[in-house]
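Please read the numbered points with the sequence and the model in view.

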Amino acid sequence: MENPLQLKCLNHISLVCRSVEKSVDFYQNILGFFPVKRPGSFDFSGAWLFNYGIGIHLLQSDTPDSMPKIGGINPKNNHISFQCESMAPLEKKLKELNIEYVTSGVEEGGIRVDQLFFHDPNGYMIELCNCDILPVTPLPVDSIQSSCSLTNRNVRRQRQQEQQVQLQVQKIKHAVEI
């Protein structure tokens with residue numbers, strides 16, 4: 001697969017907060033992140049947290065009272081999703097802490113993905129799921145919406161990516177057979 005920008009992975013997300021302290025408590029005690037040192041040259045209040053291969057940078061809002069009100073939980077809104085091994089302990093913890101949440105699920109090809117949605121103290125939606133059980137299947141070039149208006153080069157790149165994924169799947173199947 002081509003990688004002209006030489007991207008490696010998602011490094012962090014930044015969230016503007018009503019209260020950095022409440023947000024640190026939430027991400028640390030609910031989701032298991034831990035505080036890490038942030039550069040001392042910053043001239044604004046905030047905190048850095050890390051776990052699961054990703055950082056969360058919390059930035060204190062200059063005007064916390066003017067931040068949007070926390071609305072209802074809508075799984076179709078913007079959200080951050082974390083994969084988990086088991087939904088039951090997470091749901092139990094949210095119940096114990098009286099954190100409002102919504103459960104949902106997705107089925108595809110006989111596979112069921114469980115989802116749990118809730119807000120952090122700032123209103124950012126969090127999803128917890130077992131999404132890793134759902135296979136990632138590249139789309140055939142024909143099924144990409146015409147509104148994408150792919151160039152011939154992009155079509156070739158897509159086909160190369162499909163072939164690489166198919167080769168990887170074959171290698172994995174072969175390794176399992178051995």
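Are phenylalanine 26 and tyrosine 27 buried or exposed? Point 3 returns to these two residues.

1. Basis of the note. The model is predicted: local features need pLDDT of at least 70, side-chain atom pairs count only at pLDDT 80 or more, and totals for chains, interfaces and linings use all residues. Residues are numbered from 1 along each chain as its sequence is written, and side-chain values use heavy atoms, with hydrogens and water left out.

2. Overall organisation. The protein contains 3 helices and 8 strands; here helices (H or I, at least four residues) and strands (E, at least two) are DSSP runs, numbered from the N terminus. Along the sequence these elements follow the pattern β-α-β-β-β-β-α-β-β-β-α. Of the 178 residues, 28% count as buried, where buried means under 20% relative accessible area, exposed means over 50%, and partly exposed lies in between (1.4 Å probe, protein chains only). Contact means heavy atoms within 4.5 Å. Among contacts between residues at least 6 apart in sequence, 54% join residues at least 24 apart. The protein exposes about 12,700 Å², of which carbon and sulfur atoms supply 53%; accessible areas come from the Shrake-Rupley method with a 1.4 Å probe, and for residues only the protein chains shown count as cover.

3. Aromatic pairs. Phenylalanine 26 and tyrosine 27 are both buried. Rings of Phe, Tyr and Trp (its six-membered ring) pair if their centres lie within 6.5 Å; planes under 30 degrees apart count as stacked, over 60 as edge-to-face and the rest as tilted. By this rule the count comes to 8 aromatic pairs. The rings of phenylalanine 26 and tyrosine 27 have centres 5.0 Å apart and planes at 80 degrees, so this pair is edge-to-face. Ring pairs also link Phe26 and Tyr27 with Phe33, Tyr52, Phe82 and Phe118 into a cluster.

4. A nonpolar surface patch. Which residues form a nonpolar patch on the surface? They are Phe34, Val36 and Phe50, with about 230 Å² of accessible area together. Patches are made of residues with over 30% relative accessible area and no salt bridge; like charges are joined within 9 Å, and nonpolar side chains (Val, Leu, Ile, Met, Phe, Trp, Tyr) within 5 Å. Phenylalanine 34 belongs to strand E2 (residues 34-36) and, at 39% relative accessibility, counts as partly exposed.

5. Salt bridges. A salt bridge is a side-chain nitrogen of Lys or Arg within 4 Å of a carboxyl oxygen of Asp or Glu, and the whole structure holds 2 of them. One joins glutamate 96 to lysine 92, with the closest N and O atoms 4.0 Å apart. Both residues lie in helix H2 (residues 87-96), 4 residues apart, about one turn of the helix, and both are exposed. Aspartate 114 forms a salt bridge with arginine 112, the closest N and O atoms being 3.1 Å apart. Aspartate 114 is partly exposed at a relative accessible area of 29%, and arginine 112 is partly exposed at 41%.

6. Cysteines. A disulfide is a covalent bond between the sulfur atoms of two cysteines. The criterion applied is a pair of cysteine sulfur atoms within 2.5 Å, which gives a count of 1 disulfide. Cysteine 129 and cysteine 131 form this bond, with their sulfur atoms 2.3 Å apart. The torsion about their S-S bond is about -130 degrees, so the disulfide is left-handed. Cysteine 129 is buried at 0% relative accessibility, whereas cysteine 131 is partly exposed at 26%. Cysteine 84 counts as buried at 15% relative accessibility.

7. Contacts of two further residues. Arginine 18 lies in the loop between strand E1 (12-17) and helix H1 (20-29) and is partly exposed, with a relative accessible area of 23%. Beyond residues up to four places away in sequence, arginine 18 touches a set of residues including Gln60, Met67, Lys69, Pro121 and Asn122. Histidine 119, in strand E7 (residues 111-119), counts as buried at 15% relative accessibility. Leaving aside neighbours within four places in sequence, histidine 119 is in contact with several residues, among them Phe26, Ile70, Tyr124 and Met125.
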